[in-house]
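Please examine the structure shown here before reading the report that follows. The report treats the strands, the helices, the nonpolar cores and the aromatic side chains in turn.

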Amino acid sequence: MPSDPHLVQLSRRLFLTAFAGVSRIENWVVDRIAPKLDETFAPKGTVLYREGDAPRFVYFMEQGEVLLSREGAPPIHMIGKWVVGALECGVDLPRTRTATTAVDTRFVTAPGALWHELMEDSFEMV
């Protein structure tokens, strides 16, 4: 993301709009999320979170691969464009699986507490 604060905000707003695709995100939702977004890079094999962890972040993935695993269940393989970890953040429950990157992946993250607040405030988000 750019270093100029105005360009950072613009790029974050554009990212959210583009990520939503055909769905429309209300302006007030973008206004609340955009300033809190951060970009991060996770090399292959990075554990984003473990089963039982508190939900600290939602991970927006445009490209990449994440494996969601837990004992006694087949893994879920997420490839491409996904919002990873939103369910637990939305309902404020411990993580139900461990999320591990299967390839080098770049994410845009949002705080889990913010995601939870948005789910409470917006029927469309639910």
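This is a predicted model: local features need pLDDT of at least 70, side-chain atom pairs count only at pLDDT 80 or more; totals for chains, interfaces and linings use all residues.

Strand β4 (residues 65–70) and strand β5 (residues 73–79) run antiparallel and are joined by five bridges.

## The four-stranded sheet

An open sheet is built from four strands in the order β1-β8-β3-β6, and the pairing is antiparallel. Its edge strands, each of which pairs on one side only, are β1 (38–42) and β6 (82–84). On average, neighbouring strands of this sheet are turned by 35 degrees against each other, with direction ignored.

The pairing of β1 with β8 is antiparallel and extends over five bridges. Thr-40 has Phe-107 in β8 as its bridge partner. In a regular strand, side chains alternate between the two faces of the sheet.

## Helices on the sheet

Two helices that pack on the sheet are described here. Helix α1 touches β1, β3, β6 and β8, and its direction makes about 75 degrees with that of β3. Helix α4 touches β3 and β8, and its direction makes about 60 degrees with that of β8.

## The nonpolar cores

The largest nonpolar core consists of 17 residues. Those with the most contacts inside this core are Phe-15, Leu-16, Ile-33, Leu-37, Val-58, Phe-60 and Trp-115. At least two core residues come from each of α1 (5–20), α2 (27–33), β3 (57–61), α3 (86–91), β8 (105–111) and α4 (112–121). Another core, of eleven residues, lies apart from the largest one and includes Tyr-49, Met-61, Val-66 and Ala-99.

Which residues does Phe-60 touch, not counting residues up to four places away in sequence? They are Phe-15, Leu-16, Phe-19, Leu-37, Trp-82, Val-83, Arg-106, Phe-107, Val-108, Ala-110 and Trp-115.

## Aromatic pairs and a charge over a ring

A pair of aromatic rings is described by the distance of the centres and the angle of the planes. The model contains five aromatic pairs. One of them is formed by Phe-15 and Phe-60, whose rings are edge-to-face, with 6.0 Å centre to centre and 90 degrees between the planes. This pair links distant parts of the chain, as Phe-15 belongs to helix α1 and Phe-60 to strand β3, 45 residues apart. Both Phe-15 and Phe-60 are buried.

Tyr-59 and Phe-107 also form an edge-to-face pair, at 5.5 Å centre to centre and 75 degrees between the planes. Here too distant parts of the chain are linked: Tyr-59 is in strand β3 and Phe-107 in strand β8, 48 residues apart. Tyr-59 and Phe-107 are both buried. Together with Tyr-49 and Phe-57, these two residues form one aromatic cluster. The charged end of Arg-95 sits over the ring of Tyr-49, at 3.8 Å from the centre of that ring.

## An exposed loop residue

Asp-92 is found in the loop between α3 and β7 (98–101). Its phi is near 55 degrees, which is a positive value in a residue other than glycine.

Is Asp-92 buried or exposed? Asp-92 counts as exposed because its relative accessibility is 51%, and the term exposed applies over 50%.

Key:
Residues are numbered from 1 along each chain as its sequence is written. Side-chain values use heavy atoms; hydrogens and water are left out. A nonpolar core is a set of buried Ala, Val, Leu, Ile, Met, Phe, Trp, Tyr and Cys residues joined through side-chain atoms within 4.5 Å. Buried means under 20% relative accessible area, exposed over 50%, partly exposed in between (1.4 Å probe, protein chains only). Contact means heavy atoms within 4.5 Å. Two strands pair if DSSP finds at least two bridges between them. Axes are lines fitted to C-alpha atoms, for helices over the stretch in contact, and angles run from 0 to 180 degrees between N-to-C directions. Rings of Phe, Tyr and Trp (its six-membered ring) pair if their centres lie within 6.5 Å; planes under 30 degrees apart count as stacked, over 60 as edge-to-face and the rest as tilted. A charge sits over a ring if NZ of Lys or CZ of Arg is within 6 Å of the ring centre and within 35 degrees of the ring normal.
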